[in-house]
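This report describes one protein chain for a reader who is new to structural terms. Please keep the sequence and the model in view while reading.

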Amino acid sequence: MKHNREYEIAWQGLKAGMHTFLFDLDDRFMHERNTDENFKNWNAHVTLNFDKKSSFFMLHFDVDGSVTVPCDRCGDEFQLGLWDEFDLVIKLTGEDASEIDDEDDVVFIPRSETVIDISNWLYEYVILSVPLQHIHPDKPDGKPGCNPQALKLLNELSEHEGAVKNPIKGLDKLKGKIKNNKT
């Protein structure tokens, strides 16, 4: 992965207070970081509100956009919406910040650093904004948005599997006899 200054914030040149940065992330950005190849047409928009204080920074990432994914139910591709919000605190420390362990939402950097590379956080937060289930949304009339032929096949397969009974005949009778003998 090559270094890209596009995702750096030169915090020493900023005045104290709120600053807003906008980032548009596409396939190039996401696939440079070995994202799942089934996810394509990335169109993520991240709004970063960067609140500079004297000894720390409060970052608020607002993720919006879409990505094309295969449906978990029918296998057809569709546009899945992205949306989420994340907060991060960056604290300034002395010269050696490597001795301090970062916490979940708190990162420590030395005061000698003049820029903050946020590309990894952008990537992580966009990935985390992808829902775990990838299923076509329902149509306006309330019907499933999935491929109707695939849904029909799934229904047929589930009915066939549901017809299979317990292969051990008389299991319930045997359980009853065992219970009666123990008492």
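**Pairing of strands**

In strand 3, Val46 is the bridge partner of Phe23. Helices (H or I, at least four residues) and strands (E, at least two) are DSSP runs, numbered from the N terminus. Residues are numbered from 1 along each chain as its sequence is written. The model is predicted, so that local features need pLDDT of at least 70 and side-chain atom pairs count only at pLDDT 80 or more, while totals for chains, interfaces and linings use all residues; side-chain values use heavy atoms, and hydrogens and water are left out.

Two strands pair if DSSP finds at least two bridges between them. Strand 2 and strand 3 run antiparallel and are joined by nine bridges. Strand 3 also runs antiparallel to strand 4, and eleven bridges join these two. Asp51 has Met58 as its bridge partner in strand 4. A hairpin is formed by strand 3 and strand 4, with three residues between them.

**The chain as a whole**

The chain contains four helices and seven strands, in the sequence pattern β-β-α-β-β-β-β-β-α-α-α. Buried means under 20% relative accessible area, exposed over 50%, and partly exposed in between (1.4 Å probe, protein chains only). Of the 183 residues, 33% count as buried. The chain exposes about 12300 Å², of which carbon and sulfur atoms supply 50%; accessible areas come from the Shrake-Rupley method with a 1.4 Å probe, and for residues only the protein chains shown count as cover.

A contact means heavy atoms within 4.5 Å. Among contacts with a separation of 6 or more, 59% are between residues 24 or more positions apart.

**The nonpolar core**

In soluble globular proteins, nonpolar side chains tend to be buried together. A nonpolar core is a set of buried Ala, Val, Leu, Ile, Met, Phe, Trp, Tyr and Cys residues joined through side-chain atoms within 4.5 Å. Which residues have the most contacts inside the largest nonpolar core? They are Phe61 and Ile118, in a core of 42 residues. The elements that each supply at least two residues of this core include strand 2 (17-25), strand 3 (40-52), strand 4 (56-70), helix 2 (119-128) and helix 3 (148-162). Strand 5 gives the largest share of this core, seven residues. Residues up to four places away in sequence aside, Phe61 touches several residues, among them Val46, Leu48, Phe86, Leu88, Ile118 and Trp121.

**Aromatic pairs**

Rings of Phe, Tyr and Trp (its six-membered ring) pair if their centres lie within 6.5 Å; planes under 30 degrees apart count as stacked, over 60 as edge-to-face and the rest as tilted. By this rule the count comes to eight aromatic pairs. The rings of Trp11 and Phe57 have centres 5.1 Å apart and planes at 55°, so this pair is tilted. The pair links distant parts of the chain, 46 residues apart: Trp11 lies in the loop between strand 1 (8-9) and strand 2, and Phe57 in strand 4. Both Trp11 and Phe57 are buried. Ring pairs also link Trp11, Phe21, Phe50 and Phe57 into a cluster.

The table gives the relative accessible area of four residues.

| Residue | Relative accessible area | Class |
|---|---|---|
| His19 | 18% | buried |
| Asn34 | 70% | exposed |
| Asn41 | 43% | partly exposed |
| Asp87 | 49% | partly exposed |

His19 is in strand 2. A polar contact is a pair of N or O atoms within 3.5 Å; within protein, one must be able to donate a hydrogen and the other to accept it, and residues adjacent in sequence count only if both atoms are side-chain atoms. A polar atom of the His19 side chain lies 2.6 Å from the backbone oxygen of Lys15. Beyond residues up to four places away in sequence, His19 touches Leu14, Leu48, Asn49 and Phe50.

Asp87 is in strand 5, and its side chain makes a polar contact with the side chain of His60 (2.5 Å). The C-alpha atoms of Asp87 and Met58 are separated by 7.3 Å, although these residues are 29 residues apart along the chain.

Most residues other than glycine have a negative phi. Asn34, in the loop between helix 1 and strand 3, has a positive phi near 60°. Asn41, in strand 3, has a positive phi near 55°.
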